[in-house]
Amino acid sequence: MLRVIAIILFVMTSRLALAEGYGGIFVAENPQGGAITLQLTQDASNGVSGLLQGNGNTFQVNARV
C-alpha cells in the first residue's frame, strides 16, 4: 500500500511542478474502486499545505516551494 501511495504522490507532484500554482484537488482512482485524494493550498509565501486522504486514512501535508 505504501508503494502505491508513493507512486501516486510522485505522479501528482511531477504534474504539479509543471503548473504555476500548487493548489487544487487531485484524485487517483484505484481499479478496485477506492480513491486517493490530495487537496493542496498554496499561500503567498510559497508554503503548501493540505490533506492526503484514502483507504480510510488522512495525512497532513506541509511543504515549502
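Residues 24 or more positions apart supply 14% of the contacts in the chain with a separation of 6 or more; a contact means heavy atoms within 4.5 Å. The structure is a predicted model, in which local features need pLDDT of at least 70, side-chain atom pairs count only at pLDDT 80 or more, and totals for chains, interfaces and linings use all residues. Residues are numbered from 1 along each chain as its sequence is written, and side-chain values use heavy atoms, with hydrogens and water left out.

The chain has 65 residues, of which 18% are buried. Buried means under 20% relative accessible area, exposed over 50%, and partly exposed in between, with a 1.4 Å probe and protein chains only. The chain exposes about 4800 Å². Carbon and sulfur atoms supply 56% of that area. Accessible areas come from the Shrake-Rupley method with a 1.4 Å probe, and for residues only the protein chains shown count as cover.

The mean pLDDT of the chain is 81. This score is the predictor's confidence in each residue, from 0 to 100. A value of 70 or more is reached by 77% of the residues. Confidence is lowest in helix α1 (residues 2-17), with a mean of 65. It is highest in β3, at 92.

The chain contains 1 helix and 4 strands. Their pattern along the sequence is α-β-β-β-β. Helices (H or I, at least four residues) and strands (E, at least two) are DSSP runs, numbered from the N terminus. The 4 strands form an open sheet in the order β1-β2-β3-β4, with antiparallel pairing. β1 (24-29) and β4 (57-64) stand at the edges with a single partner strand each, so one side of each lacks a neighbour in the sheet. Neighbouring strands are turned by 15 degrees against each other on average, direction ignored. Axes for such angles are lines fitted to C-alpha atoms, for helices over the stretch in contact, and angles run from 0 to 180 degrees between N-to-C directions.

Strands pair if DSSP finds at least two bridges between them. Strand β2 (residues 35-42) is joined to β3 by 7 bridges. A further pairing, β3 with β4, has 8 bridges. Both pairs run antiparallel. β3 and β4 also form a hairpin with 2 residues between them. In its turn, Asn 55 has a positive phi of about 55 degrees.

Two residues of β3 illustrate these pairings. Ser 49 lies in this strand (residues 47-54) and is partly exposed, because its relative accessibility is 27%. Thr 41 stands opposite Ser 49. Beyond four places in sequence, Ser 49 touches Gln 39, Leu 40, Thr 41, Val 61 and Asn 62. Tyr 22 is 27 residues from Ser 49 in sequence and 9.5 Å away, C-alpha to C-alpha.

Gln 53 also belongs to β3. Its relative accessibility is 34%, so Gln 53 counts as partly exposed. Thr 58 in β4 stands opposite Gln 53. Gln 53 contacts Ala 35, Ile 36, Thr 37 and Thr 58, leaving aside neighbours within four places in sequence. Between Gln 53 and Val 27 there are 9.6 Å, C-alpha to C-alpha, at 26 residues apart in sequence.

The largest nonpolar core has 6 residues: Ile 5, Ile 36, Leu 38, Leu 40, Val 48 and Leu 52. The largest share, 3 residues, comes from β2. Such a core is a set of buried Ala, Val, Leu, Ile, Met, Phe, Trp, Tyr and Cys residues joined through side-chain atoms within 4.5 Å.
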